[in-house]
Amino acid sequence: MSNSGKTDKAYERTLKSWAKDFMEKHPTVQHNGIDLSLQRLINQSTFDLFYGPVKDGSFGDPAEGDSDWDNYPGFQTACKLISDATKDVPSNLYIDTDAETWQEEEPEYTEKCPMCLGLDECSSCNNAGVIDLPWDAWWQVHKPDLMAMLLGKELARAL
Ligand SMILES: [Zn+2]
């Protein structure tokens with residue numbers, strides 16, 4: 001990681017956009033024939049992790065009388081469902097902090113030299129026909145960091 005604050009912010013923003021996009025593409029998980037909101041399941045599991053157990057019938061259960069928790073399957077099952085729902089998270093994601101975009105494929109190192117057109121001698125690329133792309137805007141993000149962005153560090157670790 002760069003120590004530039006501007007890049008750090010762009011990195012964070014891009015990763016957040018990726019997470020939002022992932023959640024929009026994976027809105028629900030199925031459990032016992034019911035579609036559960038993945039985001040709610042993540043929120044509830046996180047709550048359960050910190051303040052649970054939830055729905056174990058004990059006195060003062062946070063879920064008691066709260067219909068939001070009706071379909072919560074319990075922590076272990078929730079973790080399994082979240083694991084399944086996030087199996088499409090790539091092992092590596094490449095994010096461009098200049099354009100604030102991302103891709104799963106490794107970025108190109110070079111592009112066609114734009115200065116060569118109609119020239120016998122090109123000083124831009126020393127007649128190579130290609131120029132190196134600036135690499136400083138690309139960051140490779142590994143799956144554990146992507147999972148932490150989606151689920152929060154604690155829940156990602158608990159899966
Ligand atoms: Zn050239």
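Two strands count as paired if DSSP finds at least two bridges between them. Strands themselves are DSSP runs of E, at least two residues; helices are runs of H or I, at least four; both are numbered from the N terminus.

Ground rules next. This model is predicted: local features need pLDDT of at least 70, side-chain atom pairs count only at pLDDT 80 or more, and totals for chains, interfaces and linings use all residues. Residue numbers start from 1 along each chain as its sequence is written.

Start with the strands. β1 is residues 28-31, β2 is residues 34-37, and they run antiparallel, joined by four bridges. H31 stands opposite I34 in β2. The two strands form a hairpin with two residues between them. N32, in the turn, has a positive phi of about 50 degrees.

Now the helices. Take α2, residues 38-51, and α3, residues 75-85. Their axes come within 10 Å and cross at roughly 140 degrees. Axes here are lines fitted to C-alpha atoms over the stretch in contact, with angles from 0 to 180 degrees between N-to-C directions. Under 35 degrees is roughly parallel, over 145 roughly antiparallel, 65 to 115 roughly perpendicular, and the rest oblique. So α2 and α3 are oblique to each other.

Who makes the contact? From α2: L38, L41, I42, Q44, S45 and D48. From α3: F75, A78, C79, L81, I82 and A85. Contact means C-beta atoms, placed from the backbone, within 7 Å.

Finally, the domains, whose bounds come from an automatic or database assignment. Domain 1 is 1-24 + 90-143; domain 2 is 27-85. Their centres, over C-alpha atoms, are separated by 39 Å.

How values were computed
Two residues are in contact if their C-beta atoms, placed from the backbone, lie within 7 Å.
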